[in-house]
Amino acid sequence: MRAKIIAILVCIAITFGIACVAISVLTSPYSSNPHNSSQPHIEARGTVAWVHDGDTITIDLTWVDQSREGITVGKRESIRFSGGIDAPELEDTGGYEAKNRVSELCTPGREIILDLDDSSYLNSGTPYRDHYGRLVAVIYVNENGRWINVNADVLRWGQQAYPNHDWLKYTWMHTEFDYQVWLRSDYPYLR
Ligand SMILES: [Ca+2]
């Protein structure tokens with residue numbers, strides 16, 4: 001009798017455990033993608049506060065992967081676009097146009113997801129940040145069910161629209177990301 005009760009309790013515990021795992025997987029930010037299966041890698045989420053220029057925006061962090069050291073939910077952070085790319089300064093040719101290009105995708109209050117640059121500490125000595133303390137990342141927005149890499153978008157647009165500017169000015173720096181992938185014709189995360 002006692003063995004039977006123990007067996008029943010073990011069965012209940014196993015069922016409960018499986019249910020808990022299933023619920024956590026279904027509600028995880030990694031799987032909460034209503035639009036498509038090819039969701040980019042996510043290490044943080046946030047909402048846009050404002051756009052500085054063609055390669056930097058400010059966001060409010062709403063979710064951060066637990067293992068990301070020194071990054072706190074609820075904090076306002078500047079995000080420098082990763083991948084070694086550079087947009088013109090606002091006072092230079094194409095600067096305002098680049099800001100407008102980013103602003104089309106990064107409207108205030110819009111949700112974005114971030115793939116933080118795991119290699120940026122090699123440049124600054126601080127995980128995921130540059131020398132100015134900004135987070136370095138790739139920013140994605142979801143537009144009508146498509147994930148768009150904002151870094152790749154401004155790079156591809158800029159090279160066409162303002163070819164005299166060196167859009168790949170910082171590719172000598174350490175980065176997790178390969179801008180050459182973003183320039184391929186079959187790159188998926190584009191408008
Ligand atoms: Ca990363």
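The largest nonpolar core has 34 residues, and Cys106, Ile112 and Ile139 touch the most other members. By nonpolar core I mean a set of buried Ala, Val, Leu, Ile, Met, Phe, Trp, Tyr and Cys residues joined through C-beta atoms within 7 Å. Buried means that 20 or more other C-beta atoms lie within 10 Å of the residue's own, with C-beta atoms placed from the backbone. Strand S5 (135-143) gives the most to this core, seven residues; strands are DSSP runs of E with at least two residues, helices runs of H or I with at least four, numbered from the N terminus.

This is a predicted model, in which local features need pLDDT of at least 70, side-chain atom pairs count only at pLDDT 80 or more, and totals for chains, interfaces and linings use all residues. Residues are numbered from 1 along each chain as its sequence is written.

Let me turn to helix H2. Its buried residues are Ala98, Lys99, Arg101, Val102 and Leu105. They lie on the same side of H2, because they cover an arc of only 155° around the axis, taken from the directions from the helix axis to the C-beta atoms. Their cover includes S1, S2, S5, strand S6 (146-149) and H4.

Finally, confidence. The mean pLDDT of the protein chain, on the predictor's scale from 0 to 100 for each residue, is 88, and 81% of its residues reach 70 or more. Over residues 25-37 pLDDT stays under 50, and the model has 10 contacts for them beyond four places in sequence, a contact being two C-beta atoms, placed from the backbone, within 7 Å. Where pLDDT is low, the predicted coordinates should not be read in detail.

Notes: Buried ≥ 20, exposed ≤ 12 C-beta atoms within 10 Å, placed from the backbone.
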